[in-house]
Amino acid sequence: ILLFLSLLAIAGNIQCRIYAGAETASSLWSAMGPGSQLNICRELLRAAGWNDALSNVDSIYTLIAPNNDAWLKLGAGRLQELTEPAHVEELKIIFTKHILPGMVGNEELSTAKQTTISLSGKIYPVQKIDKNWYLGNARVVKDAIIARNGIIYMIDTVLE
C-alpha cells in the first residue's frame, strides 16, 4: 500500500510524470551554476533581476537559454553594453523572449509546431531539421536540463 501511495504521489507531480527517473537540479538558477556553458546567460539574467524568480521553486518556467557562444556572437561591445545599468530594461525585454510560463517538456516540444507564448507574447516555430531541433532561429545544442521549477533548453543563438 505504501508503494502504491508513493507511486500515486509521483504520478500527480507533472515534473516526475514527464521525467520519471531524471535527476533534477534544485532550481533553474542553480542548474546554470558557475563553470557551465551558461555563465554569460546567468550573469545577464542576474543583471536583469531574474535570479530570484529562477531560484524560486514555486514558480515554474521554461528557459530558452543562449549558451556562452550565442552571447559572444553579439560582439564584445554589445555584450558589455547589455551589462550596463542604462540598458537593464532592454536586457529584461530580451529575456522575456527567452522565458515561457510553465514547463514545456521534451515530448510536448517535439510534437509541437510552435512554442508556448513567451512572456513577451512571442511564439517561435519548432522544427526538426537533419536530427537537430530548432526554436525560432536557434538550434537546441544540448539535452534539456531539468530543475524542480522548470526546464532549460540551451540554444546557439540569442532569439530575436
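Which residues line the largest pocket? The lining consists of Asn106, Leu109, Ser110, Val126, Trp133, Leu135, Val140, Val141, Lys142, Asp143, Ala144 and Tyr153. This is a predicted model, in which local features need pLDDT of at least 70, side-chain atom pairs count only at pLDDT 80 or more, and totals for chains, interfaces and linings use all residues. Residues are numbered from 1 along each chain as its sequence is written, and side-chain values use heavy atoms, with hydrogens and water left out.

**Largest pocket**

- The largest pocket has a volume of about 210 Å³.
- Helix 9 (106-111) and strand 4 (132-135) are the elements that give two or more residues to this lining; helices (H or I, at least four residues) and strands (E, at least two) are DSSP runs, numbered from the N terminus.
- With three residues, helix 9 gives the most to the lining of the largest pocket.
- By class, the pocket lining divides into eight nonpolar, two polar and two charged residues. Ala, Val, Leu, Ile, Met, Phe, Trp, Tyr, Cys and Pro count as nonpolar, Asp, Glu, Lys and Arg as charged, and the others, Gly among them, as polar.
- A pocket is an open set of points on a 1 Å grid over the protein atoms alone, with protein on both sides within 12 Å along at least five of seven lines; a cavity is a set where a 1.4 Å probe fits but cannot get out, and lining residues have an atom within 4 Å of a point.
- Grid points are joined across faces, edges and corners, and a volume is the space filled by probe spheres set on the points.

**Cavity**

- There is one cavity of 30 Å³ or more, and the largest cavity holds about 30 Å³ of space.
- Ile64, Lys97, Leu100, Thr115, Tyr124, Leu135 and Leu159 form the lining of the largest cavity, which by class has five nonpolar, one polar and one charged residues.

- Strand 1 is largely enclosed by the rest of the structure, because six of its six residues are buried (under 20% relative accessible area with a 1.4 Å probe, protein chains only; exposed is over 50%, partly exposed in between).
- Tyr61, Leu63 and Ala65 point one way from strand 1, while Thr62, Ile64 and Pro66 point the other way.
- Strand 1 pairs with strand 2 (residues 99-101) in the antiparallel sense over three bridges; two strands pair if DSSP finds at least two bridges between them.
- Strand 1 pairs with strand 7 (residues 150-155) in the parallel sense over six bridges, with tyrosine 61 opposite glycine 150 and leucine 63 opposite isoleucine 152.

**Threonine 62**

- Threonine 62 is found in strand 1 (residues 61-66), stands opposite leucine 100 in strand 2, and is buried, with a relative accessible area of 0%.
- A polar atom of the threonine 62 side chain lies 2.7 Å from the backbone nitrogen of valine 104.
- Beyond its neighbours within four places in sequence, threonine 62 is in contact (heavy atoms within 4.5 Å) with residues including His98, Met103, Val104, Ile151 and Tyr153.

**Strands 6 and 7**

- Six of the six residues of strand 7 are buried, so strand 7 is largely enclosed by the rest of the structure.
- Strand 6 and strand 7 run antiparallel, joined by three bridges, and form a hairpin with two residues between them.
- Isoleucine 151 in strand 7 is the bridge partner of isoleucine 146.
- Alanine 147 lies in strand 6 (residues 145-147) and is buried, with a relative accessible area of 1%.

Notes. Polar contact = N/O pair within 3.5 Å; in protein donor to acceptor, adjacent residues only side chain to side chain.
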